[in-house]
Amino acid sequence: MNKDKEKYLRMLSRQYPTERSVITEIVNLQSILALPKGTEHFLTDIHGNYEQFNHVLKNGSGSIRQKIEEIFGGSEMPVVKQSLATLIYYPKEKLEIVKSEEKDMPSWYTTTLHRLVLVARRVSSKYTRSKVRKAIPQGFSYIIEELITEKEEISDKQAYYNAIIHTVIRIGAADALIEAMCLLIQQLVIDHLHIIGDIFDRGPGPHIIMDTLLAYHSVDIQWGNHDIIWMAAASGHLASIANVVRLCARYKNLDVLEEGYGINLTPLITFTMQTYGGMDSNTVHKAISIIQFKLESQIIKANPDFGMNDRLILDKINYENGTVEIGNKIYKLNYTDFPTVDRKKPFELSAEEKNVMDRLQMSFVHCEKLQRHVRFLFSKGNLYKVYNGNLLYHGCVPLDENGRFALVPVYGQKYSGKKLFDILEVWARRGYFSKYGSQERIKGQNILWYLWAGPYSPLFGKDKMAVFEGLFIDDKSARIETKNAYYRLVNDETTVDCIMIEFGLDVNTAHIINGHVPQEIKKGETPIKCGGKLLIIDGGFSAAYHEKTGIAGYTLVSNSRGMRLVVHEKFESTEKAIKDETDIVSDLQAVETFPKRKYVADTENGRLIKENIEELEELLDAYRDGFVAEIKVD
């Protein structure tokens, strides 16, 4: 045995100090491998719509309804099953309604608790007792564990369970137990959550979504371009701060900044009123947009490798003719009053604009809540993730027009494919974590901004972000943003296979799952590409896209038996969902049924468990051979 191995085993022995403790853990881990694979839940492009997000999270995209149907089938009326589902989603709120309407609460409690026990047993069946015990809300471990565990040694099981339930009701603890059981069911029905980008912007509650994710039991995040711009803003990057404020103003969500994060907008509002003669969202939008264009122009000029010179626009304005030149074409402007633009130095901030940005920067950098959320995005997030044989990313793998991986310059070297993702993530992390004011941090911040809007950003995937054109040019041809060749080739199997191979995946079993581009059912588009190998599951979760897509979003669920796509109807409100017992799952579409059921042994976690078992077996041999001594426990 070499010294490194001996040193590692001695360290491992501190955790498992005796031969018996090692045997126990090996048996425990080996048994876990034989359990069915946990259910994975995929969501993307949430865009601040916290009520719909919250509902989809609570119902597991129909997973809870499916369990209820499996258990009760035709033995209960549909209205009973739907009422039970609503109770599980919103136990506290539903209980208030029931208590105001139900005349015989003891009977209702008894029936409901028995039904919840059956559901809890079903959803806990694929987990070890230890994992279930850890998931049970504090204070109810003993009661719930007794109710959901089959007691073979008890002859009259029903009498035993009835005794527990009747006692709980008699002492006035039924409400608390119901809430605890509903929360347990919600947690166990989904083993792991994947957020494939764009938590922020458009909707009114990204901060609420982030608080929910911080408390979620198991989650990973693939950054979207709307997330990355907030991450850059939190780092203190001025152009990114301007973008965040502009988007909040555009979607009339400045409350997200002021009330959600406590960002002080008074200096901006005062400046806008004094300079532009107004203080409404539209005027603030215009004022911060000009600041944004100036700051972005400074970055573009300092980073020619970004290939974004076509975004240098403020110096192309002809004020006398009221026109602007973009891409060798002259466009008529619908607005030419730019009071802060110096025609000789169009990219420089005025003294007043600089003061506004300095104050905003101070607010963003010192906002504790925002910093907590962004640190969570860095700790749980990546540009891409390979998980259980699938590849997850938000936007695209940048391709050139010939369908090859695009070679993209990043600070003196060119990268493509997986290496491009890897180096961009390295710089993104440097942009937040490197020493404040250092060149490394500044370069990293600029990469964060490039990921937001750069022509070969894997999070953006378009040749330009036509913000100026959208604001100041009526000619719609100026606003066209051309998608990367990736989106033209998503049904080409050779291209999709090349991407899978690039990221080390099996082309026969893997899937690519991404979002970013809403799929328009109204136009006959489908999220299932390349025969199911690639899934673009952005169906317009954001209310801003409902009219365009014709639905209110897709989600994806993968369990031990297969993958299914969930199509969601428009979600009106939490209040209506509770009162009318409505749900938003409108259609389930099978993506794939696995040839044989998948178990934990077949998953990423299973691979880690197998490695752990191998190490423990080596420790067991070391104990038995006398190379490592057992630690005596008093």
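How many nonpolar, polar and charged residues does the lining of the largest cavity have? By class, this lining has 11 nonpolar, 3 polar and 2 charged residues, where Ala, Val, Leu, Ile, Met, Phe, Trp, Tyr, Cys and Pro count as nonpolar, Asp, Glu, Lys and Arg as charged, and the others, Gly among them, as polar. The structure is a predicted model, in which local features need pLDDT of at least 70 and side-chain atom pairs count only at pLDDT 80 or more, while totals for chains, interfaces and linings use all residues. Residues are numbered from 1 along each chain as its sequence is written, and side-chain values use heavy atoms, with hydrogens and water left out. Helices (H or I, at least four residues) and strands (E, at least two) are DSSP runs, numbered from the N terminus.

**Cavities**

- The whole structure holds 4 cavities of 30 Å³ or more; a cavity is a set of points on a 1 Å grid over the protein atoms alone where a 1.4 Å probe fits but cannot get out.
- The largest cavity has a volume of about 170 Å³, a volume being the space filled by probe spheres set on the points, with grid points joined across faces, edges and corners.
- Its lining counts 16 residues, of which Q292, F293, E296, R311 and M465 are the closest to the centre of the largest cavity; lining residues have an atom within 4 Å of a point.
- Helices α17, α21 (439-453) and α22 (467-472) each give two or more residues to this lining, and the largest share, 5 residues, comes from α17.

**Second largest pocket**

- About 710 Å³ of space lies in the second largest pocket; a pocket is an open set of points with protein on both sides within 12 Å along at least five of seven lines.
- The second largest pocket is lined by 31 residues, and those closest to its centre are I32, Y127, K131, D191 and N605.
- At least two lining residues come from each of α2 (19-33), α8 (129-135), α11 (174-189) and α27 (604-625).
- Helix α27 gives the most to this lining, with 5 residues.
- By class, the lining of the second largest pocket divides into 12 nonpolar, 12 polar and 7 charged residues.

**Helices α16 and α17**

- Helix α16 (residues 266-276) and helix α17 (residues 281-302) have axes that come within 10 Å and cross at roughly 95°; axes are lines fitted to C-alpha atoms, for helices over the stretch in contact, and angles run from 0 to 180 degrees between N-to-C directions.
- The two helices are therefore roughly perpendicular to each other, the word covering angles of 65 to 115 degrees.
- On the α16 side, L268, I269, F271, T272 and Y276 meet T283, V284, K286, A287, I288, I290 and I291 of α17, where contact means heavy atoms within 4.5 Å.
- The residues of this contact of α16 with α17 divide into 9 nonpolar, 2 polar and 1 charged.

- Strands β8 and β9 run antiparallel and are joined by 4 bridges, with Y384 opposite Y393 in β9.
- The hairpin of β8 and β9 has 2 residues between the strands, and N388 in the turn has a positive phi of about 50°.
- Strands β12 (residues 512-514) and β14 (residues 534-536) run parallel and are joined by 3 bridges; the bridge partner of I512 is L534 in β14.

- Another open sheet, of 3 strands, has the order β4-β5-β6 with antiparallel pairing.
- Its edge strands are β4 (317-318) and β6 (329-332), each with a single partner strand, so one side of each has no neighbour in the sheet.
- Strands β4 and β5 pair over 2 bridges, and I317 stands opposite V324 in β5.
- Between β4 and β5 the hairpin has 4 residues, and G322 takes a positive phi near 65°.
- Strand β5 (residues 323-326) is joined to β6 by 4 bridges; E325 stands opposite I330 in β6, and T323 has K332 as its bridge partner.
- The hairpin of β5 and β6 has 2 residues between the strands, and G327 takes a positive phi near 60°.

Note on methods
Two strands pair if DSSP finds at least two bridges between them. Angles under 35 degrees count as roughly parallel, over 145 as roughly antiparallel, 65 to 115 as roughly perpendicular and the rest as oblique.
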